[in-house]
Amino acid sequence: MTRWIKRMGTAVALLALSWSTQAELTIQVTKAAPNSMPIAIVPFVDQTGAGDLSDIVRANLERSGKFKPLSSGSLPSQPTMDQTLNPAQWEASGVRFVVRGQASPTGRGTELKVSIYDVRRQSDLGNWRFEGGANTQRRLAHRASDAIYEALLGEPGAFDTRLVYVSTQRDGQGLIYQLNVADSDGRNPFAILQHRRPIISPAWSPDAERLAYVTYEDNNRMAIYVQELRTGQRSRLAAYAGINGTPTWSPDGSHLAVTLSKDGNPEIYLLNAGGGGERRLTNDSSIDTEPAFSPDGRWIYFTSDRSGQPQIYRMSASGGGAERITRSGNYSADPSISPNGKVLGYVTQSGGSYRVAALDIGTGRSRVLSPGPLDESPSFAPNGSMIIYASESYGSGELGAVSLDGQVNQRITLPSEGVREPAWSPKRR
Amino acid sequence: MKLVPALTAVVVLVSGCSMFRDDPALDLEQDLVPVPSETASLNAPMDGGFITTDGTVVSGYQDSQVFQSGGVDDSNLRERVIYFDSDADTVRTEFMSVVASHGRQLASNPSLRLRVEGHTDERGSSSYNIALGERRALAVRRLLMVEGAQANQVIVTSLGEEMPVATGHSEGAWAQNRRAELVYE
């Protein structure tokens, strides 16, 4: 049960709520990669009393769908980092790599040392040391997971990241909307805003410290807000007549592209991140919405129905002529660009089913990734490995995630609440 | 909360060496604790407002009065929902007289303010649906103005697919959700 907040004189109270019993996302691998890598993660030595961090690393690697960690019960032995491994013993267990670790207290917090042993080469593949202040143990484990993932797969991990999502609960008076932030594994959920009116389109700043989002709290009118996660401080970025929607940050964090309809129909505008400096980028009698920057900041991809049906276009980030990017089908919307700028994630419709697809911007080839029939809001993990999306398929709303090669599928749910509007944060600092 | 500059020694290292690669230290005294928003504006009373400790809503819609038109009770004024066809923003013939009645109501009561909320079904991109919802609300607004409502009397807002009245995933539910709602403010 979620506990509601106190509404004191000011809304500082607003979300004192969720420290109590905030529901956690459950992330379940529904399909793992066929060639997922067997790996041994030996329980870490814990000198901090905070608990064994290897559980977090094991769960991370398993959840990625790309690793098959041995269960603790099937480890042939549990050597510490100082002890010599017996390669034959591990080879017999079917693993090539053995991860060991040790967490120790430091003057200011915790130190986590981690190593990967290569059974075939009979030597360490790598060693890392992570250090953090008080209460950073979970983050240290996520950073260690990122290092292991990258050392073994050659691409960065995305474990030390967060998710933002909107949860919905229904009571006698209708829906309650809540904006939440959680770690990439669903843990440490925090509610940052709750309202009877929808909260939509949360977007991470490039430093992963701020969120822009849209609410209807101002007398039922749409408005775009920016909120600092550390301080809770927020400011209203836009509250014009009509639509104030789809905020998205420029890669350097200096601007946001938004949709405003104040001049008659939905157009894309650029605003200074601190407010003001409004500049109109599109000028067309059709719907222009859902801007998404390319990672180099050069392009803005967006949805427009100027051809009669929604399709995805791109224009220079300073506006001007637009080039159509999606060419097939009669419905393409909600662009999200991969961190390397090469892949467009979007929603496509065929046969009445809305699914997430990925299009290779260079070749124009696209591939449908999600099962449908009501998938939307794709958002790339900051390492480009997966796309998280919203799915209405099972009732009140849940999330899914799929790897770009389609090999790994996750189902992401909240117990007895709906969940939608996911966005995966950039890498944390 | 204070940020302490991180230490960033990085020793890159492979195979066999006993040195550790240093990760930039986490520099957070109190990590992972986003703080709730604080702003006075949240305190304003509003429709369907914020939620209090005991779970009650601060204020709900107060929109139950039926207005009188020319001394005659116009039953059309009790109708506050206009339904739309799939992917369409044309007001269907059957709803013309309802919209017209509200338009006349506004024309003869210049102090009245009406909010037209556009809604869509759940299919497709939620942000694109916001744009579609606005088209529906604007279509209703145009008809209200044909009957003499003034521009400043009719405010348009779109909720897209965000506030369904029917929760199923069938054409029956979708048809109930493709709507414009008239709310006197």
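This is a predicted model: local features need pLDDT of at least 70, side-chain atom pairs count only at pLDDT 80 or more; totals for chains, interfaces and linings use all residues.

Residues are numbered from 1 along each chain as its sequence is written, chains are lettered from A and ligands numbered from 1 in the order in which they are written, and side-chain values use heavy atoms, with hydrogens and water left out.

Q: Why is the contact between A:Asp146 and A:Lys427 called a salt bridge?
A: The term requires a side-chain nitrogen of Lys or Arg within 4 Å of a carboxyl oxygen of Asp or Glu. The N to O distance for A:Asp146 and A:Lys427 is 2.6 Å, so the pair qualifies. A:Asp146 belongs to helix H3 (residues 137–153) of chain A and A:Lys427 to the segment after S31, so the contact ties together parts 281 residues apart in sequence. Helices (H or I, at least four residues) and strands (E, at least two) are DSSP runs, numbered from the N terminus.

Q: What makes A:Asp146 count as buried or exposed?
A: Buried means under 20% relative accessible area, exposed over 50%, and partly exposed in between (1.4 Å probe, protein chains only). A:Asp146 has 7% relative accessibility and is therefore buried, whereas A:Lys427, at 36%, is partly exposed.

Q: What makes S12(A) and S13(A) a pair?
A: Two strands pair if DSSP finds at least two bridges between them. Seven bridges join S12(A) (residues 210–218) to S13(A), so these antiparallel strands meet the criterion. A:Tyr213 has A:Tyr225 as its bridge partner.

Q: How do you know that the span of helix H1 of chain B agrees with expectation?
A: The expected span is 1.5 Å times one less than the number of residues. For the 13 residues of H1(B) (residues 96–108) this gives 18 Å, and the end C-alpha atoms are 18 Å apart, so the two agree.

Q: Which residues of H1(B) are buried?
A: Among them are B:Val98, B:His102 and B:Leu106.
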